[in-house]
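Please open the model in your viewer and keep the selection panel handy.

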Amino acid sequence: MMKRLRNTPHILAAAALLLSAVPTTQAKDTITIGKGSGILWAGFQRTVGIYGMLNDGKSMSPEGYVSLSDQPFECIEASKLTEIAGVLAYEIAPGVGIAPRINFYSEVWQSPSGWGAGNRAIISGNFTTEGGHANIRGIAMGHEETLPLQRPSKTDRQWCFTMSAFDNWSELLDPNEARTVRFEGHWVIVADGTQRMRRGIRFPDIHAASFTPDRTGNIMESWFPPGTTLRISTLECNIDTPRDINFGDVPRNINRDAKLKEQTVPFNVACTQDEDTEDTNIEVRFNALSGLYKTSEINKLAFGDPNGAYLTGTLSGQPEGLCGTVNGVRFDTTPLDLGKIGATETSKLINNTMTWRLCSGGDKLQTGEIKASAEVLVTFN
């Protein structure tokens, strides 16, 4: 069934039904969005690792151990974020905001003088378009946190987690030890449909950070490339492609990277705009919702189990995404160029085909009904 996307991410669901048991992110100076509402762009994919001495073992809410912040010494206040088209975002223009999809992980030594001395505490979790969640593990500090981070007599904080369930003035962590905090993910741009044509909108200097109450142990790294700006255009594009790719019954083949099934479908993009002032490149980005094969192979979309079946995609005219190769669609928001719409063109139709291949993960191949899903966005630059 053909379905048309309007202003919201296209969710591709690929299903291989009833597997039987019988053998057989490039940085840009200017980011462009167009008309519409919802998530209109995804990118700035990075892995950031920050390292430094703690110097202070306390864990307080304004100075989050793990933070995404526009502040030099503390977490961002919850009042700075607003809901835009159902996404909790940092507004950068009327009706337009940015929000993270970023995972984090860190280990740190607990205080040698406290309960849990000599053991590591681990914090892991994510910042999401709804807020975020963290899991803190360790003998002295096992608990979970959900944003906004609320503490008595403290301002509510967002994109921020501590290692303690309370604002604790005692040394929970060993101040004489260093820590590494690892962040991995990307950002989205969201709009509510009221945005107006404009250019030169600056991105805030948001950094991945780990703060300490006395500030001497603060470590941080800016996420966005310096000087990056946002342009709002009048472009609007629709994807015309099957939303569901159903491979039907598939014989089980535990030879790793064996092709199990293949389907080629239309992948057409129709764009319109008011007359604009410059040419604009049109691209498509895919983001894995069901995970990546082996958790890291960005051209292979996992079917739930990262070691089981996986999906590859090939856009017409691009290198073939054959099973077992590194070619094809990337499911980490990497842009794939489709074509260009000129400044004087009011419409553009780009016709393509997409070949989807269902591939075997080897002896970890699942049986029964399995599904994979990815978000698909048409973006501009």
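The tour below visits pockets, a cavity and aromatic contacts.

This is a predicted model, in which local features need pLDDT of at least 70 and side-chain atom pairs count only at pLDDT 80 or more, while totals for chains, interfaces and linings use all residues. Residues are numbered from 1 along each chain as its sequence is written, and side-chain values use heavy atoms, leaving out hydrogens and water.

**Stop 1: the largest pocket**

Select Asn103, Gly185, His186, Asn287 and Ala288, which lie nearest the centre of the largest pocket among its 23 lining residues. (On a 1 Å grid over the protein atoms alone, a pocket is an open set of points with protein on both sides within 12 Å along at least five of seven lines, a cavity is a set where a 1.4 Å probe fits but cannot get out, and lining residues have an atom within 4 Å of a point.) The volume of this largest pocket is about 630 Å³, counted as the space filled by probe spheres set on the points. Now colour β9 (96-109), β10 (120-128), β15 (178-192) and β24 (280-288): each supplies at least two residues of the lining. Strands here are DSSP runs (E, at least two residues), numbered from the N terminus. β9 gives the most, with 4 residues.

**Stop 2: the second largest pocket**

The second largest pocket holds about 220 Å³ of space. Of its 14 lining residues, select Asn327, Gly328, Val329, Arg330 and Leu336, the closest to its centre. Strand β27 (residues 305-315) brings the largest share of this lining, 3 residues.

**Stop 3: the second largest cavity**

Next, pick Leu54, Tyr65 and Phe211, which are among the residues lining the second largest cavity. Its volume is about 40 Å³.

**Stop 4: the aromatic cluster**

Show the side chains of Trp41, Phe44, Trp159, Trp187, Phe203 and Phe224, which form one aromatic cluster. The structure holds 13 aromatic pairs (rings of Phe, Tyr and Trp, its six-membered ring, with centres within 6.5 Å; planes under 30 degrees apart are stacked, over 60 edge-to-face and the rest tilted). Zoom in on Phe44 and Phe203, an edge-to-face pair 5.5 Å centre to centre with 80 degrees between the planes. Phe44 sits in strand β4 (residues 37-53) and Phe203 in the loop between β16 (198-202) and β17 (207-210), 159 residues apart. Is Phe44 buried or exposed? Phe44 is buried, with a relative accessible area of 8% (buried is under 20%, exposed over 50%, partly exposed in between, with a 1.4 Å probe and protein chains only).
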